[in-house]
Amino acid sequence: MIEYYGWVNIRDNAYESDSSDLYQIVEDIKSLTEEIEFDGRILQLKWMNGNCILCAAGSTNHRTKSVTDVIKLVEIIAQRAPGSYGVLYVYDDEDKEGTNDEFQVFRIAKGKCSVEQDKLFSPCSVKIFESSPL
């Protein structure tokens with residue numbers, strides 16, 4: 001099973017959230033989101049108080065192209081809109097890299113997308129799934 005949950009505040013720079021460049025960037029991102037196949041998952045761009053927020057959530061039995069595309073999308077946003085910030089939590093119990101009991105956290109900040117260690121929910125077997133208290 002693979003799950004992902006995240007949000008990104010899309011900003012073209014760190015100083016203004018409402019510039020003419022931002023509207024073109026958001027239109028480009030919107031075009032990319034429309035190319036991703038979703039089958040009922042959430043991938044939504046929404047303007048709120050002058051900010052454009054991308055919200056993403058989904059769950060599938062196995063890693064699909066749409067999951068890979070969502071991860072690529074947040075990486076593209078970080079590059080294309082360097083003032084953006086946010087997180088995408090990804091849990092993949094079939095991950096061959098040894099993180100199958102942990103969330104990977106894709107952190108978007110300062111024009112980069114980095115993978116961070118999750119301390120809130122991982123290891124999942126202990127912090128989420130076992131009945132013993134945290």
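**View 1. Asp28 and its partner Arg80.** Asp28 is partly exposed, with a relative accessible area of 26%, where buried means under 20%, exposed over 50% and partly exposed in between, for a 1.4 Å probe and protein chains only. Its partner in a salt bridge is Arg80, and the closest N and O atoms of the two are 2.3 Å apart; a salt bridge is defined as a side-chain nitrogen of Lys or Arg within 4 Å of a carboxyl oxygen of Asp or Glu. This pair links distant parts of the chain, with Asp28 in helix H1 (residues 20-34) and Arg80 in helix H2 (residues 65-80), 52 residues apart. Arg80 likewise counts as partly exposed, at 40% relative accessibility. The model shown is predicted, so that local features need pLDDT of at least 70 and side-chain atom pairs count only at pLDDT 80 or more, whereas totals for chains, interfaces and linings use all residues. Residues are numbered from 1 along each chain as its sequence is written, and side-chain values use heavy atoms, with hydrogens and water left out.

**View 2. Arg63 and its partner Asp92.** A salt bridge joins Arg63 to Asp92, with 3.4 Å between the closest N and O atoms. Here too the pair links distant parts of the chain, since Arg63 lies in the loop between strand S3 (51-60) and H2, while Asp92 lies in strand S4 (residues 85-92), 29 residues apart. Arg63 is partly exposed at 38% relative accessibility, whereas Asp92 is buried, with a relative accessible area of 7%.

**View 3. Lys65 and Asp69 within helix H2.** Lys65 forms a salt bridge with Asp69, and their closest N and O atoms are 2.9 Å apart. Both residues lie in helix H2, separated by four residues, which is about one turn of the helix. Lys65 counts as exposed at 62% relative accessibility, while Asp69, at 13%, counts as buried. By the salt-bridge rule the count comes to three.

**View 4. The chain around these pairs.** The secondary structure comprises three helices and six strands, taken as DSSP runs (helices H or I of at least four residues, strands E of at least two) numbered from the N terminus. Along the sequence, these elements follow the pattern β-α-β-β-α-β-β-β-α. The C-alpha atoms fill a box of roughly 50 × 30 × 25 Å along the principal axes, and buried residues make up 43% of the 134 residues in the chain.
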